[in-house]
Structure formats: structure tokens, C-alpha cells
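Subject: Structure for you to look at

Hello,

Here is the structure I promised to pass on. Please have a look at it first, and then read my notes below.

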Amino acid sequence: MTTPRTLTVALVGNPNTGKSTLFNALSGLRQRVGNYPGVTVELKKGTVRRKDYIWELIDLPGTYSLAPRSPDEMVAVDVLLGRHSHEAAPDVIISIVDATHLERHLYLTTQLFDLGRPVVLAVNMIDLAAAQGLKIDYEVLSQRLGVPVVPIQANKGIGLTELQQAVESAAAKGSPPPPVSFPQPLEQELAQLQACVGEAVPPFLLRRALLDIGGSVENDLVARCGATLRQQLQAARERLSAVQCPIPAVEARTRFGYIRSVLQGVVTAPSQRLRTWTDRADQVLTHRLWGTLIFLILMFLMFQSIFRWARPAMDLIDSGREAVGGAIQSGMAEGPLRSLLVDGVVKGVGAVLIFLPQIVILFGFIAILEDCGYMARAAFLMDRLMSRCGLSGKSFIPLLSSLACAVPGILATRVIENARDRLATILIAPLMSCSARLPVYVLLIGAFLREGYPSWLPGVVLFVMYLIGFTVAPLVAWTLKRTLLRGETPTFVLELPPYRRPQLRLVLRRMYDAGRAFVVRAGTIILASMILVWALLYFPDTDAFGRSYPQRIAEAEAAIEELQKQLPQDPSSSEANSTRRDDHTTAQILAEPRHLMAEWKRQSWLGRVGQWLEPVFQPLGWDWKLGMAVLASFPAREVVVGTLGLIYEVGDVDPAAITEEPSEEGEHEQAAGLMHALRQEWSSDPLRGRYPVAVALSLMVFFALCCQCASTLAVIRRETHSWFWPVFTFVYMTTLAYVAALLTFQLGAALTDCLT
Amino acid sequence: MRPLSAFQRGEYARICQLSGPIGVVQRLYELGLLEGQVVEILGFAPLGDPMEIRLGATRLCLRKADAAGVLAEPYSDSQAHSCS
């Protein structure tokens, strides 16, 4: 028995050629993702185990050509040339093309011929070609191109064995196909340039540098060989232009001319172009009225699915978290460790898992939309709207998803190929008013803008809060695209691929990948930040006399139990109540645990920071309590409600109890109690008593714009592969939120003074 | 000759010349939009931009600003096969 040889195989193709389907069909579940420093591109790698060979299959991002214009696109070229330190140059390149778009897709194939590596051509979707009446002579095609050609149907697994055999025999032979010859003047210029730069520069790169004006290869080589190279390239291009070889047109003319001559007699098409399914579907789906209507319905469904359909699963995770927390609570002795487990770890893990339903559902939607070809139509329909702030139609779905939650929204930016557009979308996604802000809005509106105001006012204020995100996000995008993310305007030339039936396996795979990527990479950061904030709120856990707060609370709770034992079974019997103790003492005993809890949190590290920072919060109309609640909400915005509940001595309020129908009477009462407590406390304060609405609005505006969400920041870190962008997002959003809240309060207060 | 963006829905156009940002021009070439090719104008997005064209079996969407750099002449089957 011989040990199998390792074979590096690269899979290259245009978008919409069925490349992912082929990759999945070849590598099955043995896949992993490779990251590259400095770029957002991820390369999928799979292992194919065969008798004589073990393949390392690399799935390169779908591309129309090997003319890189950004560092992201450069990764593919580097991998193919074996210039990447992690990767050996591929032994064989599989070029996958769509049989119904043979001429156009062969353009990339002929570029691959220049690499000097064996190429195998996989012609996919032979069933569709047959349905359109196309006849292709694969044998002649193979002879003319000088590469093995294998007809396949990747979604049905047809032709895969032949493809594997062709790849392995190509590897054994190791002979590259003949490259397409360019006009003589161009080849001469290349030879002269090669003599100047020396053998160290691969001929492939030099050719690309000459053909791609201002492209990544040119910039790379100029940085390496000196600025004279740029002048030499420029002079060469001018000379070529004078002899009817204008760049870049000459490459397209040469390659397409060659391809047409190769395909002459190889492809027989019906004389009349058949009206395809796609033609008919597009008549409706990109129609001015119907197309827009269907788009809006689809978007509504998608939004509903992440907003509502995910709810049951999220509730299940929530109750699971409570059950586990409860089990630990009752099974362990009181102490920091128990609190760490219950309030830090279990809550943290719950906070990570809670996002999964939304992420998985959204990615199911996106995978279906992309796989069936609708995603490009959505970008087509929405492009005008998004182009006003320097983005493209592809940013629409990620931003819409961010209205439910920025975490799946940011993950969804993967549909945007252009790196700068994608980054801009990631950075503004958290400005969209997500569902976690809702409890904050509802609490404050309920407390300060309901009683004594017209009934339409709460709704209008809520709407304005959402409007803030819609207005600020495009402005920020516009600014970013003109400052930090300035650069060549990305080409928005989009192919609207033929409609196809989505494949369940591909959709499930995308859902699984998205969920896994989130839990593994972002989950750890979320968990760490939850534990950090827990510790800041827990310690120190002793009062000035060294007595432990948890113990004192336990004692106070025991006192309540004692009291309840003394009380008769029926609490409504007032006669019995008054005979035992006076009401005042009873109330004091009942309030003692909440009072102790508030005192504990007040002197915790976070509480101290809150008090120390009070001057910072003052201009916003906040006291240290509000400031501290905002600080404590760093792991997640809705935490602010619970923290306010603790400090205002009404107990830990569940944010869900504020926005939803009460499931348990007690929870709802607590939420109402918090609104009451806020009103009471503020009315006794000279500043907040005078301007309660201005303070409430300032707090709401702050939450509309701030980035108090560790999960969002963790996902930004994960998607941009850098700490800079999450820090940048946090800083810019907090600054924006602070300034806006400041203006809101100051204007609100001035207006109140005017009116009264 | 007029810019591709000035054509109406349903018209056919024969491409005469490509100009504009190098990235756009190169991408259009890569997609097979060469001088002499005939495209069908399929229509415009509901907000008026971008436009959709058909080139052989491929449907492309491009912004009017980019299409403005593509000069073309009206084409019908009866017309001679020359590009003025």
C-alpha cells in the first residue's frame, strides 16, 4: 500500500456558476475557514479523501477576472501563485463555468492559463444547457483549449467522479495549457519590462500590472521595484495605444476573439433565442409596481421572521438559562462563585445563544434569496436609495435586518463584495434602532409621556426614536465614504443571474456556518464582557463594617419569611394585619432586601465609577444613578432596565415585562413599579423634577445612538478581523450619543422654561 | 451615437465606445461588453436608476452614471453591420 499524495487543488469560477455547490459536493462536511491578515476575505478549505491522493481543496471567492483592484481580490491571485505563506501553489486549478454562459465564463479560464499550472475545465449545469437547446462538443472543446473538459451537474453529483479522475491525471502530467497569445507589440513590451525588473517578478504579475491600469498588482510592483516602473508601464501603454492595442480593451478583444474562434462549431444554439423562465419572472419581479410590491412583501416577511418568528426559540433559550441558573442557585452555597456562575457565566452564555435563532433564520432567508437569484434583484431595486449615501443596493438587507438586531445584520454584510462598502455598512448598522432599545423607549415613554399628554404622543415619540437612526445612519455613511473609507468608487456593475431553485443543503449549510461562526468567534468576547461587568457590579461585596451584602440580603429575606409565617393565610384580611404589627414596620421589613441590594450596587466598583463620573452626566440632565445604569448596560442595552430596577429599589426588572403582555403578574407589577419609582424619585429632585420630559428624551436619544452592546462590538471585531473598527464604532457612536443627548436636554430644558 | 443611459426600454443598442472610470470600463469588458456588441435595454429600476440590459444570455445591471460612459447607436436587424 502506498501513502496517498497530498494534492492542492484550487476551485475558481465566476459568481453564479455553482461553485459553492461543487465545493460542498466534493468536500462534504470536511470544511474549514481560513482567514488572511489585513483582508476580510475568508477562503473555504475542504479535504477530499481519495485512493491515491488527499486533496486540499481551496474555494476561491467568485470573481469575473484575475484583475485585482483591492487587497481582497489580490488574495485570490496570491493563493493561485503560491505567494501566500500558508499555502502551497495549487497543483491543479479547477475552472468551473456555466454551460449556458460558456463564452463569458471562459474569459476567466483563459486568464488562469497564464498561471502556468495545469487547469481542468468543469462545465456545470449541463441540464440547463440541454433545456435551452444548446449542444456542446466537449471533446473538440478540450482539444482546442488544450485542457481536460468535464461536463458536470454539481447539484445532482453528475460527473464528479470523472472530474476527480481528470484532476488527478492532470496533476500527474503536470503540464499547463497553452496561454492565449496577445498581439505581438504587447508581448514585446512585456519582454522588455521583464528584462528591466528581472526574474524575481513572475511574468503573470507583470502582465497583470501592464493590463490593469491602477490595479493592485501595479501598485504592489511599483512599491517593490520603485516608481520608475510606473513610468515605464505608462510609457508602454501609450506606445501600445498608438499601435491599435489600447489597454484595457486589448485584453478583452484578444481573449473573447480567441474564445469565439474556439467555440466556433463547438456550441450549437437554436437560431431563435428561447424566452427563458428568468425572462418571464423578471417581467414581474423587476417591474416598477409589482416588483416593488413583491420586494416590500418579501422584506416585511424577512423582518417579521427575525423580529417575531425567532421569539419562541429565544424564549426557550431564555427559560433554559433561567432553569440552569435556578438549579445552580438552589444547588450551591451562597458566595461569589455562585453569583459568578449564575449572573456571569450562565447569563453570559444565555446572552450569546439568544442571538442564534435570529442569525439562523436571517441566514436561511438570505441563503434562499441569494441561491435563487433574487438577491441581485433586491440590490437592483434598492440601489438608487442607497447610492445617495455612497453605498449600493447590497447594503439594504443588512441594514434592514439591523432593525431587529445589529448582530445578524452585520453578519449579513457578507453579501457585499466591495470591502469599503461592506465596512461602511458594518459601521452604521448599529445605528439602526434595534429591538433591544425598545424596552428603554417604552419604559421612559410610559413613565413620563403618557399621563397628562395626548394619546398620540407616545407613538410619535417612539417613531421619532426610530427616525433618528434612519437619519443619522446615512449621514454617517456619507461622511465615512468621504473621509476614512475614501477611495475609488466601487463598480456597481451587477449580473442578474438566472433564477434557480434554491438547494436545501446549501441553505442549511449557510445557516449552520453563520451560527457556528457567531458562537465560536464572537461568543467568547461577549461572555468575557458579561463577566467583567458582573464583577464590577458584584465587588466589593461587603459594607463599611465588613459585613457581607449577600449574607445580609439572605437574612433580610429570612425575616420576610418569618413575617409571612406570622401572617394569616389570607393576606387580604386587614383585620389580622393590623392586630399583629403596624403596617409601617411590615413595609420596612418587606423593602429591606431591595434596599440592601440598591446599597450594595451603589458602593460596587461600577457604582463608584458612576458617582465619580456624575459631572460628566450632569449636562445631560442625568444623576449618577442613570449614568451608572447606562454604564452597566454595556453588555446589552436592555440591561439598563434591570439595573435601574436594582438601584431604584424595585428589584431586578425583566425588560420583556415592559414591552410584552405580562406573563406573570409580579413581573408586570415590577415594571409598573419602576415607572412609578422613576417618576417619584425625579419629582423630588430640583433638576429632574423640573425637566422630567427633557431628561427622559435625553436618555432615549442617548440609547438611540450609543453602542452599548458588547455583542455588536464582538461581531464587528470578528467580521473586520481587527480591534480598530469595534473601538472606532464605540467611540464615534458614544460621542454622537453624548452630544445628541446633551443637545436634547439643553434644548428641552430651555423649551420647558419658555413654556412655563 | 448617444450614451447607453439615454436609450429607452425595449430598444436595442450597438456598443461603439467605452469610457469612464477605469474600474468600470474594465469590468464591462470582462463581462463581454465590447465595441460592436448589441444589447437590449430591459428597463430601469423603479426609482429610475440603475438600468438593466441584456447581453447575449447575460442580464446586467449598471448605474446610469456608468452607462453614460458607454456610447452606442440604435440598432435594428435591418441595419447594416457597421459602427459609425
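A word on domains before anything else: their bounds here come from an automatic or database domain assignment. For chain A that assignment gives domain 1 (5-173), domain 2 (184-276) and domain 3 (545-571 + 579-592). Please keep in mind that this is a predicted model. Taken over C-alpha atoms, the centres of domain 1 and domain 3 of chain A are 73 Å apart.

Helix α15 (residues 356-372) and helix α22 (residues 504-538) of chain A pack at about 145 degrees, and their axes are 8 Å apart. Their crossing is right-handed.

What does the contact between the chains look like? On the chain A side 35 residues take part, and on the chain B side 29. The elements of chain A that each supply at least two residues are α3 (102-113), α11 (249-263), α13 (290-331), α16 (374-387) and β10 (493-495). The largest share, 6 residues, comes from α16(A). By class, the side of chain A that touches chain B has 15 nonpolar, 10 polar and 10 charged residues.

Finally, some backbone details to check on screen:

- The peptide bond from Ile247(A) to Pro248(A) is cis, with omega near 15 degrees; Pro248(A) sits in the loop between α10 (228-242) and α11 of chain A.
- Asp49(B) and Pro50(B) are joined by a cis peptide bond too, with omega about -5 degrees; Pro50(B) is in the loop between β3 (38-44) and β4 (51-55) of chain B.
- Asn16(A) is not a glycine, yet its phi is positive, about 60 degrees. Asn16(A) counts as buried because it has 21 C-beta neighbours inside 10 Å, and 20 or more are needed for that.
- His721(A), also not a glycine, has a positive phi of about 55 degrees. His721(A) is partly exposed, with 16 other C-beta atoms within 10 Å.

Best wishes

Methods: Residues are numbered from 1 along each chain as its sequence is written. Chains are lettered from A and ligands numbered from 1 in the order in which they are written. This is a predicted model: local features need pLDDT of at least 70, side-chain atom pairs count only at pLDDT 80 or more; totals for chains, interfaces and linings use all residues. Axes are lines fitted to C-alpha atoms, for helices over the stretch in contact, and angles run from 0 to 180 degrees between N-to-C directions. Helices (H or I, at least four residues) and strands (E, at least two) are DSSP runs, numbered from the N terminus. A crossing is left-handed if the near helix is turned anticlockwise from the far one by less than a right angle, and right-handed if clockwise. Two residues are in contact if their C-beta atoms, placed from the backbone, lie within 7 Å. Ala, Val, Leu, Ile, Met, Phe, Trp, Tyr, Cys and Pro count as nonpolar, Asp, Glu, Lys and Arg as charged, and the others, Gly among them, as polar. A residue is buried if 20 or more other C-beta atoms lie within 10 Å of its own, exposed if 12 or fewer, and partly exposed in between; C-beta atoms are placed from the backbone.
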